[in-house]
Amino acid sequence: MSTGASVVLASFLAFLAGFAVARRRPELPEGGWKDRATFTTLHIAALAAPSLRGGLTKESARRAVRHLRALLGTHALAITSTDAALAWDGPCTGEVLEHARTALASGRAQVFAGEPHGAVVVPLTVDDRVVGALAAYDEELSAALVRTVTEVARWVSGQLELAELDSSRRRALEAEMRALRAQISPHFVYNALTTIASFVRTDPGRARELLLDFADFSRYALRRAQDFTTLADELTCVDRYLLLERARFGDKLRFTVQVAPEVLPVPVPFLCLQPLVENAIKHGMRAAGGSGRVRVVVRDAGPEAHITVEDDGAGMDPEHARRVLDEGPGEGRGIGLANVDVRLRQIYGEDYGLVVETALGAGTKVRLRVPKTRPSSL
């Protein structure tokens, strides 16, 4: 449901609710009932919305139904799926499911006369797919009631569509996380284990330390990921990765990590830094002589943490860097950079994507910003 449609619907509901408030509260001064009605309507809708954003289940219906009944002011209200009555508030009749099935089959609002209460039943839809029904029971079945129940059902359907979008978004993020794990390539695992094996005879103590570093890195990178971790944990993962790569490249790889201590507890998306460091090493080590420097800097910037990952390697054509980010993750297109960029934009908004500064022969600097507070929608 678009923002404009939501505003129109809220205004329509407020208009209808205003008459109800005016009838129930005649003592309100002239003109005052409209403000009271608008506030009451939007407040009740706000109470119902969080439950509906969880999708159409028994629990979400149970939490939302009493608020929706208060919004409509009817004798009773029921929410059904396509094959069951999920929740009701007030004394509903035993015919609620039969009424719902009739409305679901027609795909339109249906009115059922009855004594002492009739019913107005409206299908609930998600992406033009009927998923349930809203059934309102009252003594008087007026045209105004039919219109009001229909509009409320449309609003409920909009919330359920948002729930479906949230679910799709979570599935997309999970798929991208699996892609990031796959990017921890077999080549890195093979090279790390080969490097560790080379120290087994010559320096057993060093081999043991590296094996523990590899275990710590693998445990973090391959765990069942949540959406967020702390910047401190993410930097620990980067530190283990750098130690393993330093063991492989020796003094040819130089790196520094500079962090403002106050940003360590900041929540960040899981595995948002390691792919950038891996990309920096991969390109940095292509510099003349096969050596390179990687620098990670994390600064406190008021409401945000600012992070840069920089290498002094071969760099790339800026147009190629732009294509990598514009085209998104894909085979042969730098899945690490593109994946992190997509996730940051999905979580924080379009203004929070990666910024890549690079040129042929001039190294590469990747900058990102993360708010210090986790988005309330996640």
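The conversation below sets values against definitions.

Modeller: Please keep in mind that this is a predicted model. The chain has 11 helices and 12 strands, and of its 378 residues 45% count as buried.

Colleague: Why is T80 called buried?

Modeller: Buried means under 20% relative accessible area. T80 has a relative accessible area of 0%, so T80 is buried. This residue is found in strand 1.

Colleague: Which residues does T80 touch, leaving aside its neighbours within four places in sequence?

Modeller: T80 is in contact with L56, A85, L86, V96, A100, V131, G132 and A133. A133 is also the bridge partner of T80 in strand 5.

Colleague: What makes S51 count as buried?

Modeller: The relative accessible area of S51 is 14%. The limit for a buried residue is under 20%, and therefore S51 is buried. S51 is found in helix 2, which covers residues 32-52. Not counting residues up to four places away in sequence, S51 touches S60, R63 and A64.

Colleague: How do you know that strand 1 and strand 5 pair?

Modeller: Two strands pair if at least two bridges are found between them. Strand 1 and strand 5 have 6 bridges, so they pair, and they do so in the antiparallel sense.

Colleague: In what order do the strands of that open sheet stand?

Modeller: The sheet is formed by 5 strands in the order 2-1-5-4-3, with antiparallel pairing. Strand 2 and strand 3 are called edge strands because each pairs on one side only. On average, neighbouring strands of this sheet are turned by 20° against each other, direction ignored. Helix 3 (residues 58-72) packs on the sheet and touches strand 1, strand 2 and strand 5. The direction of helix 3 makes about 35° with that of strand 2.

Colleague: Where does helix 4 lie?

Modeller: Helix 4 lies across strand 1, strand 2, strand 3, strand 4 and strand 5, and runs at about 130° to strand 5.

Colleague: Which residues of helix 4 are buried?

Modeller: In helix 4 (residues 96-106), the buried residues are V96, H99, A100, A103 and L104.

Colleague: Why are these residues said to be on the same side of helix 4?

Modeller: They cover an arc of only 135° around the axis, and therefore they are on the same side of helix 4. The buried residues pack against strand 1 (76-81), strand 2 (85-89), strand 3 (110-112), strand 4 (118-126) and strand 5 (129-138). After helix 4 comes G107, whose phi is positive, near 75°.

Colleague: What makes strand 10 and strand 12 a pair?

Modeller: At least two bridges are needed. Strand 10 (residues 304-311) and strand 12 (residues 364-371) have 8 bridges, so they count as paired, in the antiparallel sense. The bridge partner of E304 in strand 12 is P371.

Colleague: How many bridges join strand 11 and strand 12?

Modeller: Strand 11 (residues 355-358) pairs with strand 12 over 4 bridges, in the antiparallel sense. T358 stands opposite T364 in strand 12. The hairpin of strand 11 and strand 12 has 5 residues between the strands, and in it G361 takes a positive phi near 80°.

Colleague: Are C237 and C272 buried or exposed?

Modeller: C237 is at 2% relative accessibility, and C272 has a relative accessible area of 1%. The limit is under 20%, so C237 counts as buried, and C272 is buried as well.

Technical notes: Residues are numbered from 1 along each chain as its sequence is written. This is a predicted model: local features need pLDDT of at least 70, side-chain atom pairs count only at pLDDT 80 or more; totals for chains, interfaces and linings use all residues. Side-chain values use heavy atoms; hydrogens and water are left out. Buried means under 20% relative accessible area, exposed over 50%, partly exposed in between (1.4 Å probe, protein chains only). Helices (H or I, at least four residues) and strands (E, at least two) are DSSP runs, numbered from the N terminus. The arc is that of the directions from the helix axis to the C-beta atoms. Contact means heavy atoms within 4.5 Å. Axes are lines fitted to C-alpha atoms, for helices over the stretch in contact, and angles run from 0 to 180 degrees between N-to-C directions.
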